[in-house]
Amino acid sequence: MSKISPCLWFNGEAEEAANLYVSLLPDSRIETVQRNPMDRAGAKAGTVLVMEFTLAGQRFMALNGGMKMEYTHAVSFKIDCADQAEVDRSWDALLANGGEEGKCGWLKDRFGVSWQIVPTALVQYLGGPDPAGRQRAMQAMLQMVKLDIAGLKQAYEGKSAA
């Protein structure tokens, strides 16, 4: 187990967020739930204070801190996806109920947390042996919102979209 784990700050949505996140990936689960021992500013006794959870083997903590705090793209979480179906499933789940699309595989979920949904094939096309193919794949990626493996492959190979 790592000595370091990210702490995500929420204003009452820690439980909802943790449950969404653990539903996305294998090797994910809620570890512990700590409840407020007494009424305090903005929180009633018995409501969730802290959710500790594991997401794809990485420990996290979600804290209901008592006020809204904004996230930025300066910190994001990357999900490596084996295929387009996993890209699509992760993308759709994190955008559901108010998330925002970004460019190049980035999005913000409904809680404002930034995610990168990245097919593992991206490395193959951006780091392949063909310099011109790498450039074409990069150009294609820069035009995408959700990353599309077939489109990246076509660009790398120099084929036009069907």
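**A walk through the cores of a predicted model**

Val113 touches Phe10, Tyr21, Tyr71, Phe77, Leu107 and Lys108, leaving aside residues up to four places away in sequence, where a contact is a pair of heavy atoms within 4.5 Å. The model is predicted, so that local features need pLDDT of at least 70 and side-chain atom pairs count only at pLDDT 80 or more, while totals for chains, interfaces and linings use all residues. Residues are numbered from 1 along each chain as its sequence is written, and side-chain values use heavy atoms, with hydrogens and water left out.

Val113 belongs to the largest nonpolar core, which has 29 residues, and Phe10, Tyr21, Phe53, Leu94, Val113, Trp115 and Ile117 touch the most other members of it. Such a core is a set of buried Ala, Val, Leu, Ile, Met, Phe, Trp, Tyr and Cys residues joined through side-chain atoms within 4.5 Å; buried stands for under 20% relative accessible area, exposed for over 50%, and partly exposed for the range in between, with a 1.4 Å probe and protein chains only. Two or more residues of this core come from each of E1, H1, E3, E4, strand E5 (76–81), H2 and E8, and H1 gives the largest share, seven residues. Apart from this core lies another, of 14 residues, among them Tyr125, Met141, Leu147 and Tyr156.

Helix H1 (residues 14–24) has as its buried residues Ala14, Ala17, Ala18, Leu20, Tyr21, Val22 and Leu24. These pack against strands E1 (7–10), E2 (29–35), E3 (48–55), E4 (58–64) and E8 (114–119), and against helix H2 (84–95).

Taken as a whole, the protein has five helices and eight strands, in the order β-α-β-β-β-β-α-β-β-β-α-α-α from the N terminus on; helices (H or I, at least four residues) and strands (E, at least two) are DSSP runs, numbered from the N terminus. The C-alpha trace spans about 65 × 30 × 25 Å along its principal axes, and 38% of the 162 residues count as buried. Among contacts with a separation of 6 or more, 55% join residues 24 or more positions apart.

The cysteines remain to be considered. The structure holds zero disulfides, a disulfide being a pair of cysteine sulfur atoms within 2.5 Å. The sulfur of Cys104 is too far for a bond, because the closest cysteine sulfur, in Cys81, is 15 Å away. Cys104 counts as buried, at 18% relative accessibility, whereas Cys7 is partly exposed, with a relative accessible area of 40%.
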